[in-house]
Amino acid sequence: MEEYELDDFGRVKTFIDVVNAGSFSRAARGMSISAVTRRVQSLEDELGVRLLHRNTRGLSLTDAGRDFFDRVTSISADLASAVSEVKSLQNDVRGQLRISLRHSAAMIVVPFLDRLLNEHPELNIDVVVTDERRDLIANNIDVAVWLGPLPDAVIAKRLCPSRRVVCGSPNYLASHGIPVEPADLKNHNCLRYTPIHAHRWNFSRDGVVQEVEIGGTFSSDNGPALLAAALADQGLVVVFEWMVRDMLEKGRLTKVLPAYSVNPHPGDADLYAAWSSSRGMSRKVRVFVDFLIDLFSPKARE
């Protein structure tokens, strides 16, 4: 298999620039139009295929050009990210780091930020707390913690899976009893998350799925609010395991129905640290992402 030299990738990058710009002239940026044209022509000659249709109305990709563009665009982004990551190892961890956290993630991350700031005293952290997925570039966000499937324009590291648990406070369970199977929930005050599954919870065990009607006196569109109600002995709540790991270990909450998986939707709500692919990974972003990976790993919050 013929090796492709890194210098040769300059022609591929020129081809990507021409496609994105829509013309050879707009893609020139410091080079002559003839130089840009020669680079693309040289690439086509080497590949033995026409990549672009050229006519008086402008440029368009051939079928081969479209396939090639889709592949090399991804490779180019990976290469830029790799170069950025290597360069970042030489940079100091200083200046402002702007992060976006979901409300549920903020209650885990914020109490431990002093560890990071003590280790890197020249770092300043600006936290935006929102469940909205804001545009990272437009809002100048360096790192976001998001749930679920991610857009193509970001690079991400998975922090933890989307395992959910049902739990309640020891006082509540002492007063109302411990449910043994999902059907027992009809006798309990269930704290309901209103955007989804407001009146029913889904359980699975040994491949069998069952849907259970639930009711309760309190509902909210905010996970931490529901968790606060559970801690205040008001009922049972479905939450992500990573939200309550410490509370379960310290006995503030008790897991119920442990033999069942609740709301079984694999892959729909894993927790990720995400950053813009166009910016790459700076040293301070790398340090913060590593901090998050450690924080969300088991036994990391002692």
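Two strands are taken to pair if DSSP finds at least two bridges between them. The legends below describe close-up views of a predicted model.

**View A. Strand 12 and the strands that pair with it.** Two bridges join strand 8 (residues 190-193) to strand 12, and these strands run parallel. Within this pairing, Leu-191 stands opposite Val-237 of strand 12. Strand 7 (residues 164-168) pairs with strand 12 in the antiparallel sense, over four bridges. Here Arg-164 lies opposite Phe-240 of strand 12.

**View B. The two faces of strand 12.** In a regular strand the side chains alternate between the two faces of the sheet. Strand 12 (residues 236-240) is mostly covered, with five of its five residues buried. One side carries Leu-236, Val-238 and Phe-240, the other Val-237 and Val-239, and all are buried.

View C. The structure holds six aromatic pairs. One of them is formed by Phe-15 and Phe-68, a tilted pair with 5.7 Å centre to centre and 45° between the planes. This pair links distant parts of the chain, since Phe-15 belongs to helix 1 (residues 9-21) and Phe-68 to helix 4 (residues 63-88), 53 residues apart. Phe-15 is buried, with a relative accessible area of 0%.

View D. Phe-203 and Tyr-260 form an edge-to-face pair, 6.2 Å centre to centre with 85° between the planes. Phe-203 lies in strand 9 (residues 200-205) and Tyr-260 in the loop between strand 13 (254-256) and strand 14 (261-262), 57 residues apart. Both Phe-203 and Tyr-260 are buried. The charged end of Arg-205 sits over the ring of Tyr-260, 5.2 Å from the ring centre.

Terms used: Residues numbered from 1 in each chain as written. Predicted model: local features only at pLDDT ≥ 70, side-chain atom pairs only at ≥ 80, totals over all residues. Heavy atoms only, no water. Phe/Tyr/Trp six-rings, centres within 6.5 Å; stacked < 30°, edge-to-face > 60°. Buried < 20%, exposed > 50% of the residue type's maximum accessible area, 1.4 Å probe, protein only. Lys NZ or Arg CZ within 6 Å of the ring centre and 35° of its normal.
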